[in-house]
Amino acid sequence: MPQKLKTAEVSKTLLSRIFVKQVVILVVFGLAYSCSYFDPEVEIPSYIQIDTFSFQSPGPDSTGFPTQKISEVWLYANNQVLGVYELPTGKIPVLASGKTNITVQAGVYTDGVRKNRVYYPFYRAFETEVVLEKEKTTQILPHFSYTAQKKKPFNYFQDFESSDSGTSRGVNGTVYIDRLLHSGDVTVSQFGNRYARLSTSSASDVIEFSNNAYVPMPVNGNPVYLEFDYKSTCSIYVGVHCTIGGVAQGSVGDLVLNANEKWTKIYVSLSEETNKFSAEASLQRKQAKFRFFLKTLTEPGAGNNLCIDNVRLIY
């Protein structure tokens, strides 16, 4: 009886050892398999690089003088997102080779704020087919222009080349508007010949530049942009006035532009402002119409001035 027990104990011990060995073998095999599964051969990338770009030819064509401030590009390869890159991009890895479709969208900072990065919906995306080679860099030179649907006349456009018609210039006191010749800090070929300078003459004067007629704009969140070149001696408040069914509904704006001594291109998104009147327009079942405005926000006084050019309202 004791011998039987001893034999049984030996058999049990052997089975245990065999089982442990099998488990160890399975674990080792599993680890080896998992390593080979999760650590495949590293794919060698090709590269693309964008150092510069071209933009719609300047001049009095169907879009006026097309100034721009494209600061980055949104990139796609064969419809797969590569990312957003500031210009110049440097070398960008692409896990593709051979014939590859590259799409480049022009990116801007809305409201002049670097954190507000968007691809500009009214610039046509650049598309090209290139042949990529692994470990080699392919240079790409995108060309951007306004989309075909957004040629001049825009929803509102003024470049002050021949007149200042269609504009409103002040809310208090006397505000002068002069059409002056560009010189010095910008090229005439890019900006055109003339710009508008709005200036005050007394402490009670407040500058407000605006389109002088209410126009319908989207109130459903679709893109609405006001783009312009400006420089000023005072801070400027940007927003919209609204009427619904011809009745004034008030003014909305949340962007303040600082005084700026040099010409600066700005893309102002007005979608959020116009959308604030959506519920009331729907309730009244009437159309909302708007005027944009640029208004001095600092203490008014003689000597304040706002210089502006190439104004486009687009939606």
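This is a predicted model: local features need pLDDT of at least 70, side-chain atom pairs count only at pLDDT 80 or more; totals for chains, interfaces and linings use all residues.
Local features are reported at pLDDT of at least 70, and side-chain atom pairs count only at pLDDT 80 or more, while totals for chains, interfaces and linings use all residues. Numbering starts from 1 along each chain as its sequence is written, and side-chain values use heavy atoms, with hydrogens and water left out.

**Cores**

Let's start inside. A nonpolar core here is a set of buried Ala, Val, Leu, Ile, Met, Phe, Trp, Tyr and Cys residues joined through side-chain atoms within 4.5 Å. Buried means under 20% relative accessible area, exposed means over 50%, and partly exposed is in between, with a 1.4 Å probe and protein chains only. The largest such core has 37 residues, and F209, L226, F228 and L294 have the most contacts inside it. Its largest share, 5 residues, comes from strand 18 (residues 236-244). Strands are DSSP runs of E with at least two residues, numbered from the N terminus. Apart from this core lies another, of 29 residues, with L75, A77, Y120 and F157 among them.

Which residues does L294 touch? Leaving out residues up to four places away in sequence, the list is I207, E208, F209, L226, F228, I236, Y237, V238, L306 and I308. Contact means heavy atoms within 4.5 Å.

**Rings**

A search of the whole structure turns up 19 aromatic pairs. Rings of Phe, Tyr and Trp (its six-membered ring) pair if their centres lie within 6.5 Å; planes under 30 degrees apart count as stacked, over 60 as edge-to-face and the rest as tilted. Two of the pairs are set out below.

| Pair | Centre distance | Plane angle | Class |
|---|---|---|---|
| Y120 and F122 | 5.7 Å | 85° | edge-to-face |
| Y156 and F292 | 5.4 Å | 65° | edge-to-face |

Y120 and F122 are both buried. They also belong to a cluster in which ring pairs link F55, Y120, F122, Y123, Y146, Y225 and Y267.

Why does the pair of Y156 and F292 tie together parts that are 136 residues apart in sequence? Because Y156 lies in strand 11 (residues 156-158) and F292 in strand 21 (residues 288-296). Y156 is buried, with a relative accessible area of 10%, and F292 is buried too, at 0%.

A charge sits over a ring if NZ of Lys or CZ of Arg is within 6 Å of the ring centre and within 35 degrees of the ring normal. K91 lies over the face of Y47, at 4.5 Å from the ring centre. The charged end of R291 sits over the ring of Y214, 5.4 Å from its centre.

**Strands and sheets**

Two strands pair if DSSP finds at least two bridges between them. Strand 1 (residues 46-49) runs parallel to strand 9, joined by 3 bridges, and Q49 stands opposite Q139 in strand 9.

Strand 18 and strand 19 (residues 247-257) run antiparallel, with 8 bridges joining them. H241 stands opposite S251 in strand 19. The hairpin of these two strands has 2 residues between them, and G245 takes a positive phi near 60° there.

What is the peptide bond from L87 to P88, cis or trans? The bond is cis, with omega near -10°. P88 sits in the loop between strand 4 (80-86) and strand 5 (92-94).

N79 is in the loop between strand 3 (72-77) and strand 4 and is exposed, with a relative accessible area of 69%. N310, in contrast, is in strand 22 (residues 305-314) and is buried at 0%.

Finally, C234 is in the loop between strand 17 (225-232) and strand 18, and counts as buried at 2% relative accessibility. Its C-alpha atom is separated by 6.5 Å from that of T296, 62 residues apart along the chain.

Notes. Helices (H or I, at least four residues) and strands (E, at least two) are DSSP runs, numbered from the N terminus.
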